[in-house]
Amino acid sequence: MKPKEVLKYAEEKNIKVVDIRFMDFPGIWQHFSVLISELNEASFEDGFGFDASSIRGWQSIDASDMLVIPDPLTAKIDPFFEASTLVLIGNIADPITRRPYSRDPRFIAKKAEIYLKSSGIGDTAYIGPEAEFFIFDDVRFNSSANQAYYKVDSIEGAWNTGREEHPNLGYKPRHKEGYFPVPPVDKFQDMRTDMMLTLQELGIDVECQHHEVATGGQAEIDMRFKPLLEMGDQMVWFKYILKNIANRQDYTVTFMPKPLFGDNGSGMHTHISIWKEGTPLFAGNNYAGLSDYALYGIGGILKHCKALCAITNPTTNSYKRLVPGFEAPINLAYSGSNRSAAVRIPMYSDSPKAKRIEFRTPDPSCNGYMAFSAILMAVLDGIENKIDPGEPLDKNIYDLPPEELKNVPLAPGSLEEALLALKEDNEFLLKGDVFTEDVISKWIEYKMANEVDSIKLRPHPYEFNLYYDI
């Protein structure tokens, strides 16, 4: 929609309030509201002022004034607010120069799409994330000088088979057996359907919903692939809708990658393909029906995966999922249909339009705009430099003998390791000014100071089990 059309739409829908939203640096949606009378055609050029020094990882207090300029193409009606509210996603700009703000994640995604077109390789990058999540009944946590604990609970939890529930009816999925029994073992069919239908009502195409492998309410809802920036916008709506529908029913949703010990964590397998003038570029006559472009793209992902993980797996908790023994891929290899490889080539269809790369390492704690952009930049670097991905590995990597396994590179084992890899390997992200040196240095600085070091300084509860009686 154009600005005039947004205003007309708001009038037709009797909109009372406009909610302006944008993504902060780490990846949380922020917002403020104005009366509909404050929105006019000039608003889509002049924007609205706000204090950027209060946004994590952005401006210092002596240079805090910034603008958020609403994008008319993003207009949607909020399905939860009591007053009729139109939501507009905004772009961040400097109020003096009017230049887009380099640390705005949405601007990074826009530049990634521009760089793709300027490369001459293609004009559209389609992204399809499979974001897993948990639905819990209750969550409690605290950390202070003399204590630290967390507790999550679920009606589905395998640990609750003996709990007094007046009555306890059983039907709780065992560890690693949640994929995917029908109700009454699956307690959240109706809630996930509610989530799926709400997404659909907002114009977000959904392919399916289902229970996932873990006990305790793990789930997945898959959105149909879309162009990169559009999928970045959809990803923030996706998290928002799921959390609010659960909250409305007195449940809580988390995209934290590893909230449970001893069961599968939540990943976000991310599918990517590049098209040009309506033609898919990843279909060909090579391994698994791939083109040279697709193989080189895989080579780019595998070469830069350690650095990518600093953006696609950006929490200390991410690396409690990336461990051997589960489906989470820590081994940097590619294969057709092999889920133990970091990159998989889905084999559900022979159609050229369905040919894509599935990068399995990312998790849903990431900032979608930045993660999708970084993945695209790695793929493009692979294509531009014709990076050979090597031979495919059509074996269960976890069953390989040690002499073969030692030749397979590993994903980072910690956020700190990933950030150090990003510090050394970031030139592929700087092309086209998609990620700037300022963005990368600030990302590393923020993550080290606020997450890596914060975790290092605190005793872990399990350390008392191990060491208290020393």
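**Aromatic and charged contacts in a predicted model**

F22, F50, W58 and Y101 form one aromatic cluster; rings of Phe, Tyr and Trp (its six-membered ring) pair if their centres lie within 6.5 Å. This is a predicted model, in which local features need pLDDT of at least 70 and side-chain atom pairs count only at pLDDT 80 or more, while totals for chains, interfaces and linings use all residues. Residues are numbered from 1 along each chain as its sequence is written, and side-chain values use heavy atoms, with hydrogens and water left out.

**Overall build**

- The protein has 12 helices and 18 strands. Both are DSSP runs, numbered from the N terminus: helices are H or I with at least four residues, strands are E with at least two.
- The radius of gyration is 23 Å, close to the 23 Å that the globule rule gives for 470 residues, so the protein is as compact as a globular protein of that length. The radius is taken over C-alpha atoms, and the rule is 2.2 Å times the number of residues to the power 0.38.
- The C-alpha trace spans about 65 × 60 × 50 Å along its principal axes.
- Of the 470 residues, 53% count as buried. Buried means under 20% relative accessible area, exposed over 50%, and partly exposed in between (1.4 Å probe, protein chains only).
- Among contacts with a separation of 6 or more, 68% come from residues 24 or more positions apart. A contact means heavy atoms within 4.5 Å.
- The accessible surface is about 21700 Å², and carbon and sulfur atoms hold 52% of it. The areas come from the Shrake-Rupley method with a 1.4 Å probe; for residues, only the protein chains shown count as cover.

**Aromatic pairs**

- The structure holds 19 aromatic pairs.
- One of them joins Y179 and F180: the ring centres are 4.2 Å apart and the planes stand at 40 degrees, so the pair is tilted. Planes under 30 degrees apart count as stacked, over 60 as edge-to-face, and the rest as tilted.
- F180 is partly exposed, at 44% relative accessibility.
- W237 and Y240 make an edge-to-face pair, with 5.7 Å from centre to centre and 80 degrees between the planes.
- Both W237 and Y240 sit in helix α5 (residues 228-248), 3 residues apart, or about one turn of the helix.
- W237 is buried at 1% relative accessible area. Y240 is buried too, at 15%.

**Arginine over rings**

- The charged end of R21 sits over the ring of W29, 4.9 Å from the ring centre. The test asks for NZ of Lys or CZ of Arg within 6 Å of the ring centre and within 35 degrees of the ring normal.
- R21 also lies over the face of Y240, 4.4 Å from the ring centre.

**Salt bridges**

- The structure holds 22 salt bridges. Each is a side-chain nitrogen of Lys or Arg within 4 Å of a carboxyl oxygen of Asp or Glu.
- R103 bridges to D438, with the closest N and O atoms 2.8 Å apart. R103 lies in the loop between β6 (85-93) and α3 (105-119), and D438 in helix α11 (residues 437-456), so the pair ties together parts that are 335 residues apart in sequence.
- R103 is buried at 13% relative accessible area, whereas D438 is partly exposed at 32%.
- K431 and D381 meet in a salt bridge at 2.6 Å, N to O. K431 is in the loop between α10 (427-430) and α11, and D381 in helix α7 (residues 368-384), so this bridge ties together parts that are 50 residues apart in sequence.
- K431 is partly exposed at 23% relative accessible area; D381 is buried at 6%.
- K442 bridges to E445, with 3.4 Å between the closest N and O atoms. The two are 3 residues apart in helix α11, about one helical turn.
- K442 is buried at 18% relative accessibility, and E445 is partly exposed at 48%.
- D153, R163, E165 and K172 are linked in a network of salt bridges.

**An exposed loop residue**

- D250 lies in the loop between α5 and β13 (252-254). At 67% relative accessibility, D250 is exposed.
- D250 and T436 are 186 residues apart in sequence and 42 Å apart in space, C-alpha to C-alpha.
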